[in-house]
Amino acid sequence: MRLTSLLALFPVASRVRVDGNTCTHLQDDGTSSTRTVVLDQFYVVNTVLVITGLQDVNIELSGVVQYTPKFAYWSPNSYYMEFQNATTFWFLSGHNLHLCGGGTLDANGQVWWDYPNKTVGIAGGSSTAFARPVSLTMGNASNVLIEDLTEIGSPLWINFVYQSTNVIYRRMNISSTSYSSNRAVNSDGWDIYRSSYVTVKDSTIHSDDDCVSFKPNTTNIVIRNLYCNGSHGISVGSLGQYAGETDIVANIYVKNISMNNAQNGARIKVFGGSPYPNSTAGGGTGYVQNVTFEDFYVNNVDDPIHLDQCYDTAAHVYINVTGMSSGNSGNVVVELECSAECYGITATGTNLTSPDGPAVYYCQNVANETALDFSCTTPPSSSS
């Protein structure tokens with residue numbers, strides 16, 4: 001089924017009421033007729049989906065939505081969202097939305113990863129010359145539940161929560177990995193930006209980038225019960241990318257994570273300073289506060305705990321990580337390396353091992369090392 005048939009299934013945005021699993025569409029005269037939004041076929045999507053203004057809508061996706069691999073169309077025409085030049089195939093917006101059904105979103109990522117002339121933007125993101133769309137964006141939305149879906153092969157991030165609040169994802173099955181010699185690029189499971197009260201839980205993610213990433217101005221987030229494989233970790237950031245802007249990440253609770261065959265485990269990443277007032281590669285300000293990584297298990301992870309820079313402010317980060325590193329960083333299992341003095345970092349219950357020898361914990365400019373349950377070693381690059 002083609003795109004026009006798919007769009008015709010959506011009711012008029014502000015005139016819908018949901019009773020159980022049935023959508024009631026209100027006519028102009030105030031009478032009602034029952035209408036269920038069911039996507040139970042194979043849909044070939046060749047035009048950008050921008051569906052906004054929905055209210056009280058249940059979308060049951062039991063079929064497959066597949067985006068066509070037409071670079072010439074998607075790169076200039078996918079929906080533009082400005083931050084890191086992100087664009088999207090599907091922008092879904094509204095209030096009281098439920099997307100479920102056991103179906104599949106297939107973004108045909110492999111053909112994008114194999115494309116020989118692709119370009120990459122700052123921080124490895126999309127570029128204006130070759131925009132790689134996000135599979136699904138929940139934007140300017142509130143009171144949303146997305147559950148029981150499979151997502152395959154996104155050219156950029158798989159899920160983007162954009163300027164939204166009260167959004168829950170659960171029982172999601174994500175696979176965005178390459179089967180050729182060209183690796184998947186920026187295949188984050190979730191990126192959350194300018195959003196609050198977001199929960200991601202009970203899901204499996206196979207990807208080649210962040211399992212979950214907390215972008216600027218993300219607050220009051222719960223991440224729990226995830227199995228992440230092949231990723232770059234669960235990451236705060238990157239922050240501070242844009243000069244003159246203030247980035248805040250606060251009240252993040254991450255619990256019961258299994259991180260496997262990954263580059264990082266628990267991670268905070270921040271751009272450095274910049275002398276240029278219009279820089280898009282660092283120079284921003286902000287803070288990170290009240291971030292918890294608890295019951296966080298790592299297996300074959302290069303850097304189980306990695307904080308590579310922090311703002312000159314109280315971070316209030318609690319870390320509880322156990323497991324084994326990969327040995328790719330030698331016997332270093334923790335890197336807490338701040339460009340300016342970091343306050344408020346606490347670690348308890350740390351039990352990390354390395355196949356390369358006794359575990360080593362690097363710390364630089366960390367105030368109050370007594371709040372850590374391991375003995376710090378100064379990194380070689382900082383030694384006199």
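This section describes the nonpolar cores, the disulfides and the aromatic pairs of a predicted model.

The largest nonpolar core holds 83 residues, and within this core the members that touch the most others are Y67, F214, I223, I234, M259, F296 and L336. Among the elements of secondary structure, strand β23, which spans residues 246-270, gives the most to this core, with 9 residues. The surroundings of I234 can be set out in detail: when residues up to four places away in sequence are left out, I234 touches C211, V212, F214, I223, V254, I257, M259, G265, A266, R267, F293 and F296.

The link of C211 and C228 is left-handed, with -70° about the S-S bond. Because C211 lies in the loop between β19 (196-207) and β20 (212-214), whereas C228 belongs to strand β21 (residues 218-229), the pair ties together parts that are 17 residues apart in sequence. C211 counts as buried, at 0% relative accessibility, and C228 likewise counts as buried, at 0% relative accessibility.

A further disulfide is formed by C338 and C342, whose sulfur atoms are 2.0 Å apart. The torsion about the S-S bond of C338 and C342 is about -120°, and the disulfide is therefore left-handed. Both C338 and C342 are buried.

C363 and C376 also form a disulfide, with their sulfur atoms 2.1 Å apart. Here the torsion about the S-S bond is about -60°, so that the disulfide of C363 and C376 is left-handed. C363 is located in strand β28 (residues 360-366) and C376 in the segment after β28, so this pair ties together parts that are 13 residues apart in sequence. With regard to accessibility, C363 counts as buried at 4%, whereas C376 is partly exposed, with a relative accessible area of 23%. Another cysteine, C100, is buried, with a relative accessible area of 12%.

A search of the whole structure for aromatic pairs finds 17. One of these is formed by F160 and Y193, which are stacked, at 6.2 Å centre to centre and with 25° between the planes. This pair links distant parts of the chain, since F160 lies in strand β15 (residues 159-162) and Y193 in strand β18 (residues 190-193), 33 residues apart. As Y162 lies in strand β15 and Y193 in strand β18, the pair ties together parts that are 31 residues apart in sequence. Y162 is buried, with a relative accessible area of 12%, and Y193 counts as buried at 6% relative accessibility.

Elsewhere, ring pairs link Y67, F71, Y73, W74, F89, W112 and Y115 into a cluster.

Key: Residues numbered from 1 in each chain as written. Predicted model: local features only at pLDDT ≥ 70, side-chain atom pairs only at ≥ 80, totals over all residues. Heavy atoms only, no water. Core = buried A, V, L, I, M, F, W, Y, C linked by side-chain atoms within 4.5 Å. Buried < 20%, exposed > 50% of the residue type's maximum accessible area, 1.4 Å probe, protein only. Helix = DSSP H or I, 4+ residues; strand = E, 2+ residues; numbered from the N terminus. Contact = heavy atoms within 4.5 Å. Disulfide = S-S within 2.5 Å. Phe/Tyr/Trp six-rings, centres within 6.5 Å; stacked < 30°, edge-to-face > 60°.
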